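Thank you all for coming.

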There are 2 protein chains.
Amino acid sequence: MVRHRVSFAGGTSRGVVLDLIRTRGPISRVALADLTGLTQATMSTVVRQLLDEGLILETGRGESTGGKPPVMLDIDPNSRFAVGVQLGRESITYVAIDLSGAIVGRTRTPGVGSTEPTEMVQRLAAEIERTLSALDIEKRSVLGVGVVAPGPLDLAHGAILRSPHLAAWFKVPIRDMLSTALDLPVLLDNDATAAAIGDFWSGRLDGVTAHATVYMGTGIGAGILIDGIVFRGASSNAGELGQVVVAEDRGDPVFLEDVAAPSAVVQRARATAVSARWGLTGDDEFDDFRRIALAAAHGDAAATDLIECSAGHLAAGVLTLANLFDLDSITLAGPAFGVAGPTYVTAISRRLEADLFVRMQHGVRVRLSTDVANAAAIGGAALVMQHELAPRTMGLSSLVTR
Amino acid sequence: MVRHRVSFAGGTSRGVVLDLIRTRGPISRVALADLTGLTQATMSTVVRQLLDEGLILETGRGESTGGKPPVMLDIDPNSRFAVGVQLGRESITYVAIDLSGAIVGRTRTPGVGSTEPTEMVQRLAAEIERTLSALDIEKRSVLGVGVVAPGPLDLAHGAILRSPHLAAWFKVPIRDMLSTALDLPVLLDNDATAAAIGDFWSGRLDGVTAHATVYMGTGIGAGILIDGIVFRGASSNAGELGQVVVAEDRGDPVFLEDVAAPSAVVQRARATAVSARWGLTGDDEFDDFRRIALAAAHGDAAATDLIECSAGHLAAGVLTLANLFDLDSITLAGPAFGVAGPTYVTAISRRLEADLFVRMQHGVRVRLSTDVANAAAIGGAALVMQHELAPRTMGLSSLVTR
DNA sequence: CATGCTTAATAAAGCAGCCTAAGAAAGATC
DNA sequence: GATCTTTCTTAGGCTGCTTTATTAAGCATG
């Protein structure tokens, strides 16, 4: 047999193998060699390294297929941990995950509010330290912290550019400040991107080539993964699903965000005659959206109409997204899907089945995230896992340095 | 100085260096080492190889900057050639390009019509042989032939899936048939993708990260390049710009193709009272579109309205595309831009300047292709150049075998 | 104009990640 | 128990890069 030399970009084979063990484990060395295309000899040394680092374990014997039974390998979940922090409007969510991606701890504190960045960083650091010690996690087994924020970010400098309620954070180097305070690696990324990586790390995207995680909080975004690698575009702002043009109004574009986001639903709700019965407060748009979704879930016709309308628009936007990226997998995440998630899944699935350009060739798997509310925070932690254990970037400009 | 190990995915450094020499040449070894991040020593050997293969030449001395003056390197344009074939509705275009991407020959023959695939392949092969010998190009300096067709293709098998006027070609392995007939490598790809690679090969995309070439012929497509690598999606059908949803009509999506493509313009024209004065034939929608565009160019108000309307819709679709992919460069190509190109460029530029999500961070360069009518054929040839001389694909699934 | 300085290019040796080839280990089969 | 099959490791080699050192070719200066 003629073997061709096989190689992953810049020494990522260790990461690819770790991914496979995580998602397909327990698994033998031979099976890993088959899946990656690497030789058994190479796999032997890669696996040796992962064992030495304590990331994986030999968990016993597999079934013999006529010869020596294989030694099965699996992740050692408790060997490493990562922390994810979601800087929310109304609250900050902290999660700790283990190497398998399972949540081992979760806390929630009041939102950023008007706290100064300097003080906030101290509070974040303190809360993270507290969470870790409460969980009996040694700091040296913590790979780092992933901070997740909405809106456009300056990833190069680890700062927030503009965000609805985080104006005071403009260009503050929060990533480096928190890293100094904690003496741990810190990453900053966008909520949708993080949620997508979280889906990938959970192993639910096995076999998927082109995936998008649609994240709806206050705004609407999408984290896009190609072979598990984040698609970022020219300035790391790709996937701004809320900025899809869905109609025109006297020559001006109408964006998806204007018609499908929670705030749009609430605004339209206020204009209806029956809105009083949903108990809208007017203080917190997001809370009001939840009330409308709940009313819809209980069969309220007008509320159902409002949610269906939002879902219909989102479905059209997602159809555009799926056609442009030729997706084969979509998940929905974010607090907006907390109550009405299934309605949105149905609307999107129907739309794609009917109108996807390549529907004759392949379908698109549409699913709800396993934990819509915490998806971004979990993703933040997953981001750190991927960055530290299986780094990978797209394109040629991304020279791999190590 | 601590140097980090730098590496391009699977031995593509040769191709990257060739790209740089092509686009930035004449250039010295030292400058190449700086640009790529490779060491001077490595560059020395890479350049040696390219010189040995005859792809590049030492063209003389550069300016001294206080020490030994550098030896400048440049492409040897006549060392290699490639042929591009565009299977058009009404005509087939053949172009030959040299290594610098310049057109060295062009032919046009009647379109495919109802010719059987088997016979057509023989005709294509004969015409290509004739073109090459007329240009005095030796066959061994020809890297291959790039065949370009509209519509969804089966790239794995090198066949056309469905195409307006090429129904008889469904699943016919045209790529392999032509390769056998010519004894040359043959590639098949989509018109938009090819046009994008053509733009890249021409060197006009230097410094661009995320580019799209919008191709409008009968349909509307986009070829997307990230760092010069084609973005293909799950089934190589990414960039279907015509399938962007621009409005809704009683719950059904209205696609960009339905309102902005030449056929939509012609249809709308027929419904106007004044359409008689444009001399529409009704035979050939594309020809009629050209007449309307010409009338608009001569100041006909009703024709201008029709073209502006199409341009406005396309601009909205391109805005969506630019926001989702975070583009920093767009070119327009395809026969539909032959007459009215500047109108479309203006409409798109204006729309992006006004509404691009990241307009505060960076702009998007919008330009017309240097040769709108032949862009796809040129791109087909460029595709072969890139495939043979600087192969690269995106993601991890693309294991590099050699 | 000989000497030294700077920059350009090559040469030599080493390392990392993959390969092939060969063999050891451990059970299955007869 | 001998042989076969499959798993896993070891040994040696190739490739593409690195680092370090050397040669080549110009400028600057006493």
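**A sheet, a helix and a core**

Let me begin in chain B, where strand β11 (residues 210-216) and strand β16 (residues 329-333) run parallel and are joined by five bridges. Please keep in mind throughout that this is a predicted model. Within that pairing, B:T213 has B:T331 of β16(B) as its bridge partner. Helix α11 of chain B, residues 337-355, packs on the sheet and touches β11, β16 and β17 of that chain, and its direction makes about 170 degrees with that of β17(B).

If we step back to the whole sheet, we find five strands of chain B in an open arrangement, in the order β13-β12-β11-β16-β17 and with mixed pairing. The edges are formed by β13 (229-230) and β17 (365-368) of chain B, each of which pairs on one side only.

Now let us move to chain A and look at helix α3, residues 40-52. Does its length fit its residue count, or what span should we expect for 13 residues? At 1.5 Å a residue the helix should span 18 Å, and because its end C-alpha atoms are 18 Å apart, the expectation and the model agree. The buried residues of α3(A) are A:M43, A:V46, A:V47, A:L50 and A:L51. Seen down the axis of α3(A), these buried residues fall within an arc of 140 degrees, so they line one face of the helix. As a reminder, an α-helix has 3.6 residues a turn, so residues three or four places apart point the same way. The buried residues of α3(A) pack against α1 (13-24), α2 (29-36), β2 (56-61) and β3 (71-75) of chain A, whereas on the other side of the helix A:A41, A:T45 and A:D52 are exposed. Just after α3(A), A:G54 takes a positive phi of about 80 degrees.

Staying in chain A, strands β14 (residues 245-249) and β15 (residues 252-255) pair in the antiparallel sense over four bridges, with A:E248 standing opposite A:P253 of β15(A). Two residues lie between the strands of this hairpin, in which A:R250 takes a positive phi near 50 degrees.

Finally, which residues touch the most other members of the largest nonpolar core? In that core of 120 residues they are A:L241, A:L314, B:L241 and B:L314. Leaving aside residues up to four places away in sequence, A:L241 has among its contacts A:V214, A:I220, A:L256, A:L314 and, from chain B, B:L324.

Conventions:
Residues numbered from 1 in each chain as written. Chains lettered and ligands numbered in written order. Predicted model: local features only at pLDDT ≥ 70, side-chain atom pairs only at ≥ 80, totals over all residues. Heavy atoms only, no water. Pairing = 2+ DSSP bridges. Contact = heavy atoms within 4.5 Å. Axes fitted to C-alpha atoms, helices over the stretch in contact; angles between N-to-C directions. Core = buried A, V, L, I, M, F, W, Y, C linked by side-chain atoms within 4.5 Å. Buried < 20%, exposed > 50% of the residue type's maximum accessible area, 1.4 Å probe, protein only. Expected span 1.5 Å × (residues − 1). Arc of directions from axis to C-beta.
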